[in-house]
Amino acid sequence: MSIQQNLEHILSRIRSAERRAGRPEGSARLVAVSKTFPAEDVRTCHDAGQRVFGENRVQEALGKIPSLPPDTEWHLIGPLQRNKVRKAMEHFTLIHAVDSLRLAQFMNTVAQETGKRPRILLEVNVGDENSKFGFSPEALEREWPELAALDHLEIAGLMCIPPPVENPEEARPYFRRLRELKETLSRKGGAPLTELSMGMSHDFETAVEEGATLVRVGTAIFGGRSYAPAP
């Protein structure tokens, strides 16, 4: 199937999941994960109607951004290093993986210096996995007052990558946990928390049923990836 056909199929499945959950059509947006794919593939996807794309690395994205029309929305979905914060703020509409209070505080300082107010998501390690970054749910609740006080950041919501599972249903408790955490923090006030970034190619329908507003799908649109060694 072509990129256009894959895109249409994924969008149809998202709309079906919204209906099953009794959600308004369009309440879950697709982030087409274009990491490792060339700008030509991204342009093909854009021509088919997709506008939001996710990249893992700032430097790789900077090589693609000039090739796409200005209505393209770029999200940084991979880990953010401190030395890339300024460039990320300049080029990305939403930064998905702010994984510590220390990083958020540093970004707040840079935002104050540059006059920017970036939109960010806080990454939550919902499975308490040693191999993954992010706030534990308990740490996020504990540090929430300090995070909410960072007045040069817009904390738009939360994101997670649950533990790998074979059956998408097994990911449901993790997605539900993230939604419940968002609701708990929303009651405390201090940030809008309108976004839940969760769900990827194998489990995005379950994520939509549990309240995802952003799903990150790459291989189901662009095909399998061929990873080159990191420079």
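User: Which residue just after helix 7 takes a positive phi?

Analyst: This is a predicted model, in which local features need pLDDT of at least 70, side-chain atom pairs count only at pLDDT 80 or more, and totals for chains, interfaces and linings use all residues. Residues are numbered from 1 along each chain as its sequence is written, and side-chain values use heavy atoms, with hydrogens and water left out. Helices (H or I, at least four residues) and strands (E, at least two) are DSSP runs numbered from the N terminus. Directly following helix 7, a positive phi of about 80 degrees is taken by G189.

User: Which residues of helix 7 are buried?

Analyst: Buried means under 20% relative accessible area, exposed over 50%, and partly exposed in between (1.4 Å probe, protein chains only). Contact means heavy atoms within 4.5 Å, and the cover over the buried residues includes helix 6 (137-148), strand 6 (154-159), strand 7 (195-197) and helix 8 (204-209). The buried residues of helix 7 are R172, F175, L178, L181, K182 and L185.

User: How many disulfides does a search of the whole structure find?

Analyst: A disulfide is counted when a pair of cysteine sulfur atoms lies within 2.5 Å. C45 is buried at a relative accessible area of 0%, and C160 is buried at 0% relative accessibility. The number of disulfides found in the whole structure is zero.
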